[in-house]
Amino acid sequence: MTTPPREKHLIRAYGDRRDDGIIQISFTLPVATSEKAKEAAQIYCKKLGLTDVKVAAAERAADQYTFFVVYARSPVIIDYNEIDTPEIVIKKLGFYELNEFIEQKIARKVVVFGACTGTDTHTVGIDAILNMKGFAGDYGLERYPWFEAYNLGSQVPNEVLIKRAIEQKADAILVSQVVTQRDVHKENSRAFIEQAKEAGIAGKMTLLLGGPRVDHKLALELGFDAGFGPGTKPSDVANFVAHQVLQRLGKEAKGTHFEGEPT
Ligand code: B12
């Protein structure tokens, strides 16, 4: 029996009107700001296959560098139904409900260790998730009475993070990677996973990767249990980790779906 062809869901960018294909892009060219530079930006966009190109902004970024914002029409159409990508599904409980849930179901504190690893000094992201005050009106994990959160800060070597997490019998390790130049974030993350495997914690502790250029798919490819990108709230992480602990304890089936959550 042959399976019927999947129905297509064709989409184009939306600017002024549905399906007009209008997009906004920004980029930098290594030339001084001038009319000639704007013309170069136009030509560049046309070579990308764009039409109706309008240079909305051309600003000096540095000596001999101009930053452009361009509106243009793209001919690209994609089939949304062809896309299959892993997604984190979280049962989101509020702060008080989640603490009560951990108290009742896990009956001990959930221990997490986080750091910005390798040569990366950008701690704002991991602080947003772990520190008491949290991020975007959402308390950080240190504020949860049923979490014990350790934030080791920046430029932490993988082995130190892993060693400290093992010593404290952590449930989860949170690795933050912000700098992505020459894919250094992937290199650092792969090295972390190798060391986690050597230390025997992969598959036993929940290993999370986060940062502005991280998504769930990339994190899975690199060997982590989940990935969290821009805009992540501490409560997303708190809820995710609590369910991971329950699953590792065999108290909840993997992939359990709850009423009202995205499928
Ligand atoms: C602040 C900042 C700095 C500060 C950092 C201070 C500190 N204590 O963190 C200082 C001045 C030290 C700095 C230094 C450098 N920086 Co800087 N910096 C920034 C800046 C302006 C903001 C980053 C930030 O704080 N974002 C806010 C946080 C809240 O967002 P976030 O990190 O994405 O975190 C969220 C999520 O991603 C997620 N998350 C993050 N980590 C984790 C981890 C887990 C486990 C989970 C679950 C979630 C999670 O949750 C957070 C909340 O939603 C960015 C530009 C920008 N506007 O983004 C450049 C930027 C990141 N820096 C950059 C660079 C290049 C540098 C330097 C190399 C510059 C230099 N030549 O010296 C150095 C790096 C030195 C080093 N060894 O790392 C580049 C990186 C480019 C790239 N492609 O990699 C950027 C993008 C600027 C740019 N456009 O060029 N920087």
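Analyst: Happy to. Strands of a sheet pair through backbone hydrogen bonds, in either a parallel or an antiparallel way. In this predicted model, β3 and β4 (residues 65-73) are an antiparallel pair joined over 8 bridges.

User: Now for parallel pairing. Which strand pairs with β6 in the parallel sense?

Analyst: That is β7 (residues 147-151), which pairs with β6 over 5 bridges. Within this pair, G114 has N151 of β7 as its bridge partner.

User: Is β6 mostly covered or mostly exposed?

Analyst: Mostly covered: 6 of the 7 residues of β6 (residues 110-116) are buried. Over the protein chain, 30% of the 263 residues count as buried.

User: Where is K109 placed, and why does it count as partly exposed?

Analyst: K109 is in the loop between α2 (95-105) and β6. It counts as partly exposed because it has 15 C-beta neighbours inside 10 Å, while a buried residue needs 20 or more and an exposed one has 12 or fewer. Leaving out residues up to four places away in sequence, K109 touches W146, F147 and E148. For a look at separation, K109 and G140 are 31 residues apart in sequence and 15 Å apart in space, C-alpha to C-alpha.

User: Which residues have the most contacts inside the largest nonpolar core?

Analyst: They are V112, L141, I173, L174, L208 and V241, in a core of 44 residues. Helix α7 (residues 234-248) gives the most to this core, with 6 residues. Take L208 as a case: setting aside residues up to four places away in sequence, its contacts include I173, L174, F224 and F228. There is also a second, separate core of 6 residues, among them A41, C45, F68 and V70.

User: What surrounds the ligand, and which element supplies the largest share of the shell?

Analyst: The ligand is surrounded by 29 residues, the closest being V124, G125, L174, S176 and G210. The largest share of the shell, 5 residues, comes from α3. At least two shell residues are supplied by each of α3 (124-130), β8 (172-176) and β9 (206-210).

User: Let's step back to the whole chain. How many helices and strands does it have, and how far apart do the centres of domain 1 and domain 2 lie?

Analyst: The protein chain has 7 helices and 10 strands. Its domain assignment gives domain 1 (10-78) and domain 2 (95-248), and their C-alpha centres lie 38 Å apart. Along the principal axes, the C-alpha atoms fill a box of roughly 65 × 60 × 35 Å. Finally, among contacts between residues at least 6 apart in sequence, 64% join residues at least 24 apart.

Technical notes: Residues numbered from 1 in each chain as written. Predicted model: local features only at pLDDT ≥ 70, side-chain atom pairs only at ≥ 80, totals over all residues. Pairing = 2+ DSSP bridges. Helix = DSSP H or I, 4+ residues; strand = E, 2+ residues; numbered from the N terminus. Domains from an automatic or database assignment. Core = buried A, V, L, I, M, F, W, Y, C linked by C-beta atoms within 7 Å. Contact = placed C-beta atoms within 7 Å. Near = placed C-beta within 6 Å.
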